[in-house]
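I opened my notebook to look up how this chain is put together. My notes follow in the order in which I made them.

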Amino acid sequence: GNVVRKDSAALEEGFGPYLPLELLLRLDDPATLKRAAFLQALADAAERLEGQEGFGVALSVVDLVSELKKGLTGSAALRRQPSMDDAEAAQLFELLALDGGETLDPFIDDGGRVVRLTVTIWMGSARVFGSAVDEATRTVTEALLARGVTGVEVARSGYLPLYERMLDQVV
C-alpha cells in the first residue's frame, strides 16, 4: 500500500485519530464570542463529537476559557464545562487578550467574527472525510440551536476541499 497510508496507520495505532477537521463558525456579531450560551454550545458540540465514533479530540477557544477559569478558581470542574454568565465570560476573554491576542489567535480570527473548532478524525477516503465534515457541521449546528444561539454560520475551513482531493490519492 501507499507509504503515507502506512505511516498514518502507525500514527493512528499509537495516538488515535490525528487528521484535523476544522470548522469555522462565522459570527454575525463578534460579541457572541463572549456570550456564555455560545461557549456552552461550543463545549456541548465538542463533547458530542468526542463521543461519536470516528472522531477524536476536539479543541476550541472554549478549552482556553475553561482552563483559565479552573486556574483562577481552583475548580476541579470537568474539562469543558464553562458554567458562567456573560459578564464572567467577558472578563475571562479580557484576561486571555492581555498578551496581545497571541493565546487567542489560533482559535479566533477577524476580530472575533470567526471561531475555529478543530476535531481529529481517522484517515479515510474522501467520501468518509466528507461524511465526517457533514456530521461535525450538523452536530455543531444542533448544539448552537439547543442553546438558543443565533447569528452563527457553521462553514468548512478553506483547506477541507483540498484534503478531500488528496485523501483519495493516499487511501
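**Terms before I start.** I call a residue buried under 20% relative accessible area, exposed over 50% and partly exposed in between, with a 1.4 Å probe and protein chains only. Helices (H or I, at least four residues) and strands (E, at least two) are DSSP runs, numbered from the N terminus.

**Source.** I am reading a predicted model, where local features need pLDDT of at least 70, side-chain atom pairs count only at pLDDT 80 or more, and totals for chains, interfaces and linings use all residues. Residues are numbered from 1 along each chain as its sequence is written, and side-chain values use heavy atoms, with hydrogens and water left out.

**Entry 1: the whole chain.** I listed six helices and five strands. From the N terminus on, I read their order as α-β-α-β-α-α-β-β-α-β-α. The chain has 171 residues, and 46% of them are buried. Next I looked up contacts, meaning heavy atoms within 4.5 Å. Among contacts with a separation of 6 or more, 76% are between residues 24 or more positions apart.

**Entry 2: strand 1.** Is strand 1 (residues 19-27) largely enclosed or largely open? Seven of its nine residues are buried, so the rest of the structure largely encloses strand 1. I then looked for its partners; two strands pair if DSSP finds at least two bridges between them. Strand 4 (residues 114-121) runs antiparallel to strand 1, and eight bridges join them. Strand 5 (residues 152-156) is also antiparallel to strand 1, with five bridges. In strand 5, Leu-23 stands opposite Arg-156.

**Entry 3: Thr-32.** I moved on to the loop between strand 1 and helix 2, where Thr-32 lies. Thr-32 has a relative accessible area of 6%, so it is buried. What does Thr-32 contact, leaving aside its neighbours within four places in sequence? I found Leu-27, Phe-38, Val-149 and Val-152.

**Entry 4: helix 2 with helix 5.** For axes I use lines fitted to C-alpha atoms, for helices over the stretch in contact; angles run from 0 to 180 degrees between N-to-C directions. The axes of helix 2 (residues 36-50) and helix 5 (residues 126-146) come within 8 Å and cross at roughly 140°. On the helix 2 side I noted Phe-38, Ala-41, Asp-44, Ala-45, Arg-48 and Leu-49. They meet Ala-136, Thr-139, Val-140, Glu-142, Ala-143 and Leu-144 in helix 5.

**Entry 5: helix 2 with helix 3.** Helix 3 (residues 61-73) packs on helix 2 at about 110°, with the axes 9 Å apart. The two are therefore roughly perpendicular; that word covers 65 to 115 degrees, while under 35 is roughly parallel, over 145 roughly antiparallel and the rest oblique. Leu-39, Leu-42 and Ala-43 of helix 2 make the contact with Val-61, Val-62 and Val-65 of helix 3.

**Entry 6: Met-84.** Met-84 sits in the loop between helix 3 and helix 4 (86-96). Is Met-84 buried or exposed? Its relative accessible area is 14%, so Met-84 is buried. Not counting residues up to four places away in sequence, Met-84 touches Ala-36, Leu-39, Val-65, Lys-69, Ala-89 and Leu-92. I checked Ala-36 further. Met-84 and Ala-36 are 48 residues apart in sequence, yet 6.1 Å apart in space, C-alpha to C-alpha.
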